[in-house]
There are 2 protein chains.
Amino acid sequence: MSRPTAPAPARPGRRPGDSGTRAAIEAAARAQFAARGYERSTMRGIARDAGVDAALVAHFFGSKERLFAAVVELPFDPSEVIPRLVAGERADVGRRFATFLVSVLDDADARARLLALVRAAATEPGAADAVRTLVTTRVVEPLVAALGVSDAGLRAGLLGSQIVGLVMVRHVVGVEPLAGVPGVRLVEVLAPTLQRYLTEPL
Amino acid sequence: MSRPTAPAPARPGRRPGDSGTRAAIEAAARAQFAARGYERSTMRGIARDAGVDAALVAHFFGSKERLFAAVVELPFDPSEVIPRLVAGERADVGRRFATFLVSVLDDADARARLLALVRAAATEPGAADAVRTLVTTRVVEPLVAALGVSDAGLRAGLLGSQIVGLVMVRHVVGVEPLAGVPGVRLVEVLAPTLQRYLTEPL
């Protein structure tokens with residue numbers, strides 16, 4: 001009996017249906033990391049939510065750290081956002097960045113995803129690495145490169161520090177009055193700091 | 001048979017030796033929160049380290065949150081630091097604050113204690129409340145009050161956001177080059193931001 005068609009070339013360590021299983025695990029991991037935070041999420045719980053055996057999660061991803069790194073993502077598309085921030089008056093880039101940041105923080109879903117990133121980075125060195133790589137390579141480096149400024153790395157770090165701190169104080173800890181300050185006022189007070197970190201002499 | 005001396009007046013719910021037991025539990029809690037972080041510390045583990053029964057920890061402190069709130073402390077004495085920051089040229093208070101902050105972060109023990117605060121606040125709402133109360137009432141409010149500026153609460157929040165973010169990015173996540181930038185350079189780049197948040201128009 002001859003096979004009617006040649007079998008598709010097999011990738012080593014993969015079986016038919018693997019991509020669907022991986023996708024199910026990744027979806028369950030995204031949901032669990034967002035809902036419970038990195039610390040309280042478990043490989044076992046993610047396997048259960050994905051309807052697969054825990055051994056399969058370990059087979060595909062090895063560790064919770066590596067699973068987190070595989071699914072961590074930004075709550076916006078940097079390739080769409082960065083050109084918009086860079087276009088226009090250079091003296092206003094701080095204000096445009098502040099406006100964009102506040103719009104992300106005012107969107108419940110985007111805010112939840114950003115908070116999950118910051119919380120994970122705060123608690124686990126492995127998660128911190130994944131978040132650092134994501135934010136640095138996808139957002140901050142392209143942004144400072146597009147602006148063509150010196151000290152790009154240091155500027156990136158300072159910018160990141162003000163953003164992470166704002167997320168922590170305004171949304172994680174919830175310090176008033178900062179937590180309740182209207183978005184337009186927040187843009188006004190943050191813009192000069194972001195402008196300085198982005199383009200002014202340090 | 002008569003008792004030779006009158007018993008000491010008993011405080012309700014207290015037994016002789018309670019203060020020593022409390023102190024032992026608090027010392028064990030401080031050590032465990034610092035070494036393992038809030039999330040991984042347990043009432044049971046703290047009881048074991050203190051050499052007491054876990055029920056006694058629950059009796060004295062009720063919950064891990066309340067135990068944390070009881071032992072959380074700053075890695076410096078604000079009543080000594082704040083007058084030093086406020087004294088001198090008002091236009092240089094940002095630089096004095098940045099210099100003080102960098103000196104705290106350059107001291108391994110003080111840094112570890114500050115990191116434990118930030119990590120705890122990032123992961124647990126109960127711990128975040130304790131950290132917020134501590135930092136707000138002991139440091140930021142006295143500082144902005146001593147400067148006699150308007151918008152004191154908002155300034156306090158902005159100042160806190162830049163400090164928390166710096167601790168996160170430079171020490172928790174460890175983003176280069178910010179993580180490795182020399183202290184004098186860090187003072188230089190932070191001072192204008194802190195000065196603006198402390199005294200300039202927002």
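Arg96(B) is buried yet takes part in no salt bridge, the nearest side chain of opposite charge being that of Asp92(B), 5.0 Å away. This comes from a predicted model, in which 18 salt bridges are found over all chains. Four salt bridges lie across the interface of chain B and chain A, where the area buried between the two chains is about 3300 Å².

**Surroundings of Arg96(B)**

- Arg96(B) is part of helix 6 of chain B, which covers residues 93-106.
- Its side chain reaches the backbone oxygen of Leu85(B) at 2.9 Å, and a polar atom of the Arg96(B) side chain lies 3.0 Å from the backbone oxygen of Glu89(B).
- Leaving aside residues up to four places away in sequence, Arg96(B) touches Arg84(B), Leu85(B), Val86(B), Ala87(B), Gly88(B) and Glu89(B).

**Interface of chain B and chain A**

- The contact draws 39 residues from chain B and 39 residues from chain A, and carbon and sulfur atoms give 60% of the buried area.
- Between the two chains, 16 residue pairs are in polar contact, with both residues at pLDDT 80 or more.
- On the side of chain B that touches chain A, the elements giving two or more residues are helix 1 (18-40), helix 7 (108-123), helix 8 (125-147), helix 9 (152-172) and helix 10 (183-199) of chain B.
- Helix 9 of chain B gives the most to this side, with 13 residues, and by class the side has 21 nonpolar, nine polar and nine charged residues.

**Arg185(A) and its partners**

- The side chain of Arg185(A) meets that of Asp151(B) in a salt bridge, at 3.6 Å from N to O.
- Arg185(A) also forms a salt bridge with Glu188(A), the closest N and O atoms being 3.3 Å apart.
- Arg185(A) and Glu188(A) are three residues apart in helix 10 (residues 183-199) of chain A, so about one helical turn separates them, and Glu188(A) is partly exposed, with a relative accessible area of 39%.

**Other salt bridges in chain A**

- Arg170(A) forms a salt bridge with Asp106(A), with the closest N and O atoms 4.0 Å apart. Because Arg170(A) lies in helix 9 (residues 152-172) and Asp106(A) in helix 6 (residues 93-106) of chain A, the pair ties together parts that are 64 residues apart in sequence.
- Arg170(A) is buried at 6% relative accessible area, whereas Asp106(A) is partly exposed at 48%.
- Arg113(A) forms a salt bridge with Glu73(A), the closest N and O atoms being 3.7 Å apart. This pair links helix 7 (residues 108-123) of chain A with the loop between helix 4 (64-71) and helix 5 (78-86) of chain A, 40 residues apart.
- A network of salt bridges links Arg30(A), Glu73(A), Asp109(A) and Arg113(A).

Definitions and conventions:
Residues are numbered from 1 along each chain as its sequence is written. Chains are lettered from A and ligands numbered from 1 in the order in which they are written. This is a predicted model: local features need pLDDT of at least 70, side-chain atom pairs count only at pLDDT 80 or more; totals for chains, interfaces and linings use all residues. Side-chain values use heavy atoms; hydrogens and water are left out. Contact means heavy atoms within 4.5 Å. Buried area is the accessible area (1.4 Å probe) that two parts lose on being put together, summed over both. A polar contact is a pair of N or O atoms within 3.5 Å; within protein, one must be able to donate a hydrogen and the other to accept it, and residues adjacent in sequence count only if both atoms are side-chain atoms. Helices (H or I, at least four residues) and strands (E, at least two) are DSSP runs, numbered from the N terminus. Ala, Val, Leu, Ile, Met, Phe, Trp, Tyr, Cys and Pro count as nonpolar, Asp, Glu, Lys and Arg as charged, and the others, Gly among them, as polar. Buried means under 20% relative accessible area, exposed over 50%, partly exposed in between (1.4 Å probe, protein chains only). Lys and Arg count as positive and Asp and Glu as negative; His and the chain ends are not counted.
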